Amino acid sequence: MTFSVGDLFLILPELLVITAACIVLVLDPVLRQSDKDGLVWLSLGTLAICMGLTASQMSTPTEAFSGLVVIDTYGAFWKLLLYFVTGLTILLSHSYLKEERLYFGEYYGFVLLALSGMMVMVSAADLLTIYLGTELMSLSLYVMAGLKRSEPRSLEASAKYFVLGAFSSGILLYGISLLYGATGSTRLPAIATAIAGQSLDDPLLLFATILLAVGFGFKLAVVPFHMWTPDVYQGAPTSVTAFMAVASKAASFGAFLRVFIEGLGGLKANWSAIFLLLCLATLVLGNVVALVQTNIKRMLAYSSIAHAGYALIGVVAAGRLENSSGIASVLLYLALYTFMTFGAFAIVAMLRKDGVEGDEIEDFTGLSKRHPVAALLMLIFMVSLAGIPPTAGFIGKFYVFMSAVEAGMTWLAVIALIFAAVSAYFYLRLVMVMYMREPSDAADSAPQFVMSPTLSIVLACAVAGVVIFGIYPNPLVQLAMQAVLTLR
Amino acid sequence: MTGFPWLTALIFLPLIGAAAVFFVKDASARLIALIVTVADVLISLPLWWLFDPSSSHMQFVESALWISSPPIHYRLGLDGISLPLVLMTTILMPLCVLISWHSIESRVQSFMAVLLIMEGAMIGVFLALDFVLFYVFWEAMLIPMYLLIGVWGGPNRLYAAIKFFLYTLAGSVLLLVAILVLYFQGGHTFDILQLSQGTYSKSLQFWIFLAFFAAFAVKVPMFPFHTWLPDAHVEAPTAGSVILASVLLKMGTYGFLRFSLPMLPDASQAFTPLMVVLSIVAIIYGAYMALAQDDLKKLIAYSSVSHMGFVTLGLFMFNIQGIEGAVMQMVNHGITTGGLFLCVGVIYERTHSRQIADNIGLTKPMPRYATFLVIFALSSLGLPGTNSFVGEFMVLAGTFLWSKVATAFASLGIILAAAYLLWMVQRVAFGVPAPHMLPKLRDVNLREMVTLVPLVVLIFLIGLFPNPILTRMHPSVEKVIARVFPAAPEQAAAVNPELHTPRRLVDAGGDAGFTSAETEGRRP
């Protein structure tokens with residue numbers, strides 16, 4: 001293994017994020033309470049610099065550290081998305097933590113550490129490096145989920161997430177070791193060469209593929225590996241939930257696609273069948289169970305499960321297509337999903353009732369009378385999640401279904417669309433509660449929506465993404481198409 | 001095509017207006033909405049004269065690349081079929097604003113914004129020449145309409161709103177799949193005109209027809225899918241009912257005419273018996289249900305089911321009379337039923353009841369109102385001299401060429417229409433009003449006159465002079481028929497004489513039948 005200083009320049013964004021994380025962790029205890037806002041700006045500044053650096057790295061794939069890491073447009077696409085989500089998370093947390101009276105400076109440190117883990121995940125070309133990134137991300141998230149130490153539900157979320165997450169990491173690692181046994185390498189290109197022309201008749205390869213699918217299935221929260229999601233999403237602080245639902249899912253999809261396309265691309269037809277089953281189960285269960293939820297965070301948790309199912313349609317199609325339109329549709333879907341899901345969680349986070357979060361669907365009753373702007377934004381996010389034009393959600397679904405039809409799986413598109421119609425019911429139930437129910441007379445007990453400058457930035461970004469990319473998605477589509485071209 | 005993008009202006013002016021009303025007070029919101037909708041009328045009216053009636057091509061075409069891969073275009077155009085529908089929409093919208101002037105008191109800005117968004121989306125549906133663009137406009141209407149019913153509707157509005165939404169959404173999701181399948185089978189394009197020229201295998205046509213059917217039949221609504229309509233109509237505010245009945249229902253039949261017939265000619269012919277049976281069932285069933293209603297809005301809602309049956313019947317006749325009659329009937333139903341719903345809205349504002357029993361004997365206290373009601377009712381039952389007569393006559397003439405039995409059954413609908421409408425008029429206009437109601441029964445004021453008079457003018461204008469509309473749609477309709485029967489009549493008749501009998505009759509007596517419809521119309 002050779003090492004060159006040039007490699008360090010290639011991973012400069014990662015290094016910057018980790019440095020910033022360490023500075024935040026070190027400075028937190030010594031800073032006075034009033035100065036701690038500086039940590040927020042430090043984190044945001046780092047993200048802005050990284051965004052510039054990564055944008056300049058959108059080029060032909062360059063290997064670093066003897067092929068452990070590869071810097072390409074594909075990774076850059078995910079990284080830009082992750083910076084964006086992390087920036088929104090930090091801004092949202094700024095208002096949210098104040099409302100919750102959670103003053104932990106290390107919070108921002110953990111957000112950045114999780115981000116660095118995700119960045120490693122999406123640019124690693126070696127299974128063990130991917131595993132390292134996954135663990136860095138997960139460990140930070142376990143801590144963040146349990147941040148509301150006074151609340152049992154938050155602790156339960158953290159513990160549950162940890163146990164199941166550790167379990168799934170074990171499965172992932174087991175899959176990696178089996179794959180190493182079958183192919184003699186953990187590098188994705190080497191694996192691809194080794195399995196060229198092979199099929200899943202080899203039991204070792206079969207088990208390795210299944211275990212990898214299960215391990216990533218946990219991270220992506222697809223059925224039947226979704227059990228942790230509703231509890232964790234409900235219990236964790238909402239800003240963390242938003243971060244998990246969007247960033248962790250995006251990073252996991254990034255790593256997952258790279259492993260299965262670059263490494264196991266030779267087994268396309270085989271894993272496509274596995275994911276078809278997972279995809280159907282996810283679509284059905286996610287959408288149907290969301291129908292009966294009364295807690296908005298649980299509903300959004302099931303909705304995010306269902307959305308992973310829609311993204312999986314693109315993966316299934318990718319397994320059957322010669323061109324890359326299936327994968328591009330997944331990238332596009334996840335990017336568009338970011339705006340609407342994050343926006344919805346941001347609204348939930350800032351709806352306060354008697355000092356705590358109003359996270360029951362009932363709490364939204366009559367919101368349009370009390371806070372017309374918040375209600376209108378939530379309406380837009382819900383419409384987008386339901387996939388109705390002219391919003392981003394429709395564009396995402398359009399491309400995913402298009403790749404399914406292209407792959408000759410019209411029936412899958414039909415099933416998915418029928419469940420999209422089902423999902424419209426629970427998204428619109430929230431609209432109904434907000435717009436068509438009268439708020440109760442006791443005005444003082446009614447939940448209030450707490451607006452703040454940072455929150456308005458978050459909401460503006462989210463709604464701009466939903467509306468602009470819903471009407472003119474062309475730039476994002478082009479970017480996603482370019483990104484998948486660098487995937488070998 | 002160079003020049004100012006009038007069609008774009010037609011769509012986006014209301015949308016800009018919708019954004020603008022959010023920044024003003026309630027009273028100005030009403031005014032802005034009125035100005036914007038009237039401006040839209042003024043933009044659309046010149047198109048009527050600028051339109052070249054001799055051409056079957058799309059006119060005023062605007063095209064721009066919207067999404068590069070797959071190639072999706074922002075492409076708009078007008079032909080003789082969409083022109084009358086667009087004009088009908090723009091003319092109805094100011095009336096919807098006017099009728100809601102005082103009846104909508106809460107959240108006026110949002111109400112006007114929703115109305116304007118609806119207008120933009122509805123016009124977009126009629127103008128779109130790209131299938132994806134069409135779908136975007138088609139679906140974009142759902143949420144505003146859902147809010148219109150659910151926020152400003154009657155007591156049972158929540159149920160009606162979600163029922164409307166889920167029915168129409170479930171129908172249209174299959175449309176999206178069909179659009180995608182057509183893209184890959186029809187040469188990787190979403191261009192409606194290009195797709196209309198492709199040939200597709202019979203089995204593919206079969207499935208796509210079913211998917212189209214799911215979307216369009218729910219919207220029309222055709223017989224087994226009509227159950228959302230009475231609920232939605234009864235609960236919606238007056239403007240919502242007018243939009244629903246006059247414009248939204250037309251989108252279903254417009255979809256059949258624009259997509260099913262030209263793109264899937266074989267499947268359309270194969271499904272003709274089914275469509276005819278469903279249409280006739282709708283005509284008779286709707287009329288029977290209307291007879292039994294004691295709620296005015298429900299009565300008109302069921303009469304819509306019946307009248308829309310004539311439209312679908314005419315469309316699937318594949319002859320000039322049938323299809324032109326169907327398009328005429330689409331416009332006529334929009335005007336007449338719109339007028340009837342406006343009338344119900346006027347009386348509801350006074351008595352707060354839509355029950356026939358509560359609103360009897362209005363001639364004495366409200367003579368002008370009774371006149372309007374009678375005119376609209378007579379138009380709805382197809383009295384010669386009014387607009388509906390022309391459309392229904394042409395549809396029946398077209399049906400007669402195809403099957404005499406079907407014509408006989410369909411004619412029952414006209415008889416029943418006379419029964420339920422005249423019975424309704426008898427009770428509402430000529431009874432003895434309850435004494436405690438009398439103080440509430442003020443006659444129509446100036447604003448309401450302004451709302452109702454344009455429709456009365458249109459009723460007689462179209463009823464007496466249908467030719468301007470017919471000549472404009474003639475080339476476009478012939479183009480559709482040529483798609484269904486591509487071969488020259490002589491050759492085709494030799495291959496399958498039975499099937500092509502109607503076509504030959506059209507060729508021989510097309511113009512004669514045409515004028516006869518017109519002269520019949522002039523003989524009140």
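Analyst: A residue is buried if 20 or more other C-beta atoms, placed from the backbone, lie within 10 Å of its own, exposed if 12 or fewer, and partly exposed in between. This is a predicted model, where local features need pLDDT of at least 70, side-chain atom pairs count only at pLDDT 80 or more, and totals for chains, interfaces and linings use all residues. Residues are numbered from 1 along each chain as its sequence is written, with chains lettered from A and ligands numbered from 1 in the order in which they are written.

User: Is A:Leu112 buried or exposed?

Analyst: A:Leu112 sits in helix α5 (residues 106–123) of chain A; helices (H or I, at least four residues) and strands (E, at least two) are DSSP runs numbered from the N terminus. Leaving aside neighbours within four places in sequence, A:Leu112 is in contact (C-beta atoms within 7 Å) with A:Val17, A:Ala20, A:Ala21, A:Val24 and A:Ser43. Because A:Leu112 has 27 C-beta neighbours inside 10 Å, its class is buried.

User: Which helices of chain A do the buried residues of α10(A) pack against?

Analyst: Helix α10 covers residues 228–235 of chain A, and seven of its eight residues are buried. Among them are A:Trp228, A:Val232 and A:Tyr233. The buried residues of α10(A) pack against α6 (127–145), α7 (152–183), α11 (238–263) and α13 (296–320) of chain A.

User: Which strands stand at the edges of the sheet in chain A?

Analyst: The sheet is open and has three strands in the order β4-β3-β5, with antiparallel pairing (at least two DSSP bridges between two strands). Each edge strand has a single partner, so one side of each is left without a neighbour in the sheet; these strands are β4 (356–357) and β5 (448–449) of chain A.

User: Which residue of β4(A) is the bridge partner of A:Arg352?

Analyst: Strand β3 (residues 351–353) of chain A and β4(A) pair in the antiparallel sense over two bridges. In β4(A), the partner of A:Arg352 is A:Glu357.

User: Which helix gives the largest share of the side of chain A that touches chain B?

Analyst: Between the chains, 26 residues of chain A are in contact with 26 residues of chain B. On the chain A side, the elements giving two or more residues are α17 (392–406), α18 (410–436) and α20 (474–485). The largest share, 13 residues, comes from α18(A).

User: What percentage of the residues of chain B count as buried?

Analyst: Chain B has 21 helices and two strands. Its C-alpha trace spans about 70 × 50 × 40 Å along the principal axes. Of the 524 residues of chain B, the share that counts as buried is 58%.

Methods
Two residues are in contact if their C-beta atoms, placed from the backbone, lie within 7 Å.
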